[in-house]
Structures are given as C-alpha cells and as structure tokens.
Amino acid sequence: KSHKVRSASAIALPRAFNHLGDNSNDGITESDQAAATKARIQLLDAFCCLSKDSSIPCRNVCSDSIEIFNPYIPYSDEESLRVREKMIEITLMLLHDEQQAICVRTLQRLGPIIASICFSLDQVKTDSVVLQVKESVALNILPFFCGMTDNIVSESTAREDQQAINDMRSYCAYNFPGVLLSLGREYWTSCLRQCFINLLYDNPTPSDDTDPRSWEELNAMPHRNFQITQLVAIRRIISHSLHDLASILGQKLMETDLYDVLEYFLFEEDVDGVRAGVIKHASALLDLLSRSKRAELIKLFPELYDSLSPTIKGEEDGFSGSSYSKSGNWRMRLAFTEQLCCMFSKNVLVASDEEVFVISEVIPLTFTLLADPVAGVRESAAQKLIPSMLCALYLDEEDSSSLNSVQASKDESKTISKSLSSVAFENCIARLQNFAVGDYEKKQLFCNVVSSLIQDHSHKGKVVSKVLDQMIPFLMQIEKDPVANVRLTMYRSLRTIIDSKELTSQKIPSFATEDQRQMILASIQRFEEVEDDNWWQ
C-alpha cells in the first residue's frame, strides 16, 4: 500500500524485464521462451498500471524508468513489436498526465525514450515491423519532441517561463542527434528539419501551410538574413553535434541543409565555446563534403586562421624582433592544428579541387603554426602536423604509378599530381632546413620534427629516409650550439635515429645509411663524454 514500495517496483520492473529477455543462454527451449513471454507481458502490464498510479512520486519514477526497457526480443519480431507499442502507449499516458510536472519530466526524457523504443531495430528481420515502429513513433511521440521548440521567448514572456522554455529547447537540442539516428534520415525532411530550424533560429519558419515563407525560400536565402538563436547553450550543443548530424544525413542533405550553418559557426560565431565545436571536428566535416564544397571551405582557411591568430608585429616568420600583444585564441589554434593533422593523415586536403591553393596557402599556414607564440601550438605542429603533411605530400614510384592508373579510370583520387607533390615536398624540406639555422627555439623545433617523423610516421619509411638524407647534415651542425637545451634536444633526436632498428618488426629498413650512423654515433659519444654532468651549464 505504500507508494515507496510501488516506486521501488517501478524501478525494478524494467531491469527484471530485461533479464527475462537476455538471450545469453542458447540452451533455452520453446517452453522456456513461452514462459518468458508470459512473464514479460505481466511485467509490462504491471508497469503500465504503475504509470497510472494515484501516487505522483510513483508516476515520476515511471517517467524516469521507461527508457530502461530493452524491447528487442531476438527470437520473436512480433513480440518485440508488441513491447515497443506498449512503451509508446505508456509514454503517451505520461505525456498526458494531469500533473504538469510529470509531463515536463517525461518531455525532458523524450529523447532517450525514443532511442529506447527504436533500440536494435536494425537487428529486426521483418521490415514491416521496423517501418511500423518508426511510423508509430513519428505519429504519436515525435510531435511532442518537436513541440519543445515551438514556444519562442518574447519580451512579454515572464522570467520563469523564459527559463522553462529555454530549458526545453536545450533538452531538445541535446537529444536531437540521438532522435535523428534512431528514426533515420528518411524522417529528416518530413519532421526533423523543421525542428532543427526552430532550434537554430529565433525567428524560424512556422510549420503551418499558411505561412508565406516555405523551407525552399528559407534554404535559398543566406542564413545570415535570419536571426540565429541568442541562446549560447543551444548554439554550443548544435555546433558540437554538427558532425554527428552530417554523418547521419549524408553528403547531399548536409550540403543543402547544414553547409550554411557550418560556415556561420566557423567564420561568424563570436563565442569561442560555440566555435570550438566545429573546429574540433573540422576534419570529419570536411571529409563528408564533396570535392567542390570542400575546396570552398579550404579557400577560407587563411581567413579562419587570421580570426584566431594573435596580433603580431615584427618579423613575419620568426621570433626575434617580434612583439606579441596577446596570445589570441591559442586553444582554438591548437585545435585547428590538430585538425589540420587529421586532414593530412586522411588525405582530406590533398583530395580537394584546390591542390594549388593547398600548396600555396595551406602549407605555409602549417609553418606559421610551427612559429606560433604559444609553446603548446608549436609542439603540436612539430610533433604531429609537419610529419603528417610530409607523409601526405610524398609520392614514391609506387604511389605515382597507382595515381596514373586511377587517373586513367577517371576515379576521384586522394592524391595530388606528382609534379605538384614534388615541388611542395621540396619546399617543405627547405623551410625546415631554415629552422635548423634559426634561433634556439627554431632549432629545438627542427630536432623535434625529425624525432616525431621517425617515431609516429615510421609506417612510411621512404619518407623518413628521404627527409633524413637532407636533415642529418643540418642536425649535426647543432652539436656545437651554445644553448645547452638545444644540444640536449639534438642528442635525443640522434638517439631516435640510432634506435630506429627497433622498428624492423614492421619490415622497415634502417633510416640512416651506415656512414650516417657512424657519424651520428661519434656525435653521441662526444656529447656523452663532454656534457654528461655539465650539459646544463
């Protein structure tokens, strides 16, 4: 009779139900399956009764516990359908509860509830069952989910109501990718696209047919003609989940419906926490775009870096004589550096239609990051970005022959032409050699690039051999540098080259010739003899 007992039962029932549906024991018989089916029906009916209980705390517990149900029954699609329909029925009862607090609580959990109802639909063998479940969710529950964005805050809205409306929109934005993934892209055009518009804009297009503005008109007009929502929390959620939405929708829908949003967050957003969402996933977003759209964004990379860069006076590429008035958005530049590394590793950049622009603008940008005023950005560029770029640009004879065969078949290739690659690669080597004769910070970066190239990119041994042939003479010149830390960094780089024999398990030849190895060993011996106890002086 105690509502506490009934509340505890509401918590336990979904877990008991899931335990009955556990198919880990393959030795169960048909009679066992029939008994488990009967028990599951009884548990669902009991939970349904609890969701209509007179006790408000008990109904509250039901709204929190319904998402725990696992409706997937491996040996019976029909029973799985009945369970999912019963979950929809219980959810609708809670959404129409006489207590507003329970309705609001269920709305807040609506995203996980939809995901639970659609759980493991991809494993259901009967297509009609999958379609029936999704249509039932779209018809009965999805209008409540999309309705969380209908109420727009105005100046006349009370302060408490404003907070409640904004909280609901935040819940909707947070759960939106999960709902889209559960239902699939086929429900984007009919239902979820309008919900996304209502989330993103403070003056969205109404969903009724009488409104003169259609989605086509909205899509044809620049997004900046509409007022992006002023709620930073919603913009942050959308920006951090934009790559998930794009991967679900696919290339075509992303370019028509999300590309302008991506541009806005990259180049017009003024809140770092929002902008960071798309910058931290820039590589994944670009990888989903077509070559032409990707080229459009790559052309804007210098503009993007300028918006993140500090104010610099003095030499353009160096440290000496420079005056940095501020460090700028250095965390954003660090994220941008890491994403450029991912782009080169995936060949996202070199697979665009702007190969010449990548070589003339983007590659110099990597060396600008290597000379960043913040040490963390410089280290990331030296240890990850530059080695990835060299591996992406290098084309050996096997790569060039495969390139010719791909071009002959007129297929999209993720490599660039041999002539452009050779020029860019040699240009990068020359720039690195300039670092070897610069000030102490540049020399340390030069040594770190050599070490990182061997340690992290040894899978492309021909690149390392090609680089070392031209880098070892410059590396040896640092032996007599007056700065002790520079000599120590050089020593570590030389030890990395000597220890490269440990990589023979990957069937990679030694990176240095025998003459080079003897010269390096002699240098290491001199360093250890002279500076073993006095290197810091």
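Buried means under 20% relative accessible area, exposed over 50%, and partly exposed in between, using a 1.4 Å probe and protein chains only. The model is predicted: local features need pLDDT of at least 70, side-chain atom pairs count only at pLDDT 80 or more, and totals for chains, interfaces and linings use all residues. Residues are numbered from 1 along each chain as its sequence is written, and side-chain values use heavy atoms, with hydrogens and water left out.

**View 1. Ser120 is a buried loop residue with a positive phi**. Ser120 sits in the loop between α6 and α7 (127–140). Its relative accessible area is 12%, so Ser120 is buried. Phi of Ser120 is near 60°. Most residues other than glycine have a negative phi. Helices here are DSSP runs of H or I with at least four residues, strands are runs of E with at least two, and both are numbered from the N terminus.

**View 2. Helices α4 and α6 cross in a left-handed sense**. Two packed helices are described by the angle between their axes and the distance between the axes. The axes of α4 (residues 77–95) and α6 (residues 110–117) come within 10 Å and cross at roughly 165°. The two helices are therefore roughly antiparallel to each other. Axes are lines fitted to C-alpha atoms, for helices over the stretch in contact, and angles run from 0 to 180 degrees between N-to-C directions. Under 35 degrees counts as roughly parallel, over 145 as roughly antiparallel, 65 to 115 as roughly perpendicular, and the rest as oblique. A crossing is left-handed if the near helix is turned anticlockwise from the far one by less than a right angle, and right-handed if clockwise. On the α4 side, Arg84, Met87, Ile88, Thr91 and Leu95 make the contact (heavy atoms within 4.5 Å). On the α6 side, the residues are Leu110, Ile113, Ser116 and Ile117. The contact of α4 with α6 divides into six nonpolar, two polar and one charged residues. Ala, Val, Leu, Ile, Met, Phe, Trp, Tyr, Cys and Pro count as nonpolar, Asp, Glu, Lys and Arg as charged, and the others, Gly among them, as polar.

**View 3. Helices α18 and α19 pack at an angle of about 135°**. Helix α18 covers residues 330–345 and helix α19 covers residues 355–370, with their axes 11 Å apart. That angle makes α18 oblique to α19. The crossing of α18 and α19 is left-handed. From α18, the contact takes Arg333, Phe336, Thr337, Leu340 and Phe344. From α19, it takes Val362, Leu365, Thr366 and Leu369. By class, the contact of α18 with α19 has six nonpolar, two polar and one charged residues.

**View 4. Helix α13 bends at Leu258**. The bend in α13 (residues 251–267) is about 60°. It is the angle between axes fitted to the seven residues ending at a residue and the seven starting there. Helix α13 is mostly covered, with 13 of its 17 residues buried.

**View 5. Gln433 is buried in helix α22**. Helix α22 spans residues 418–436. Gln433 counts as buried because its relative accessibility is 16%. Gln433 touches Gln470, Met471 and Phe474, leaving aside residues up to four places away in sequence.

**View 6. Arg492 is exposed in helix α25**. Helix α25 runs over residues 484–498. Arg492 has a relative accessible area of 53%. Arg492 and Asn448 are 44 residues apart in sequence and 8.8 Å apart in space, C-alpha to C-alpha.
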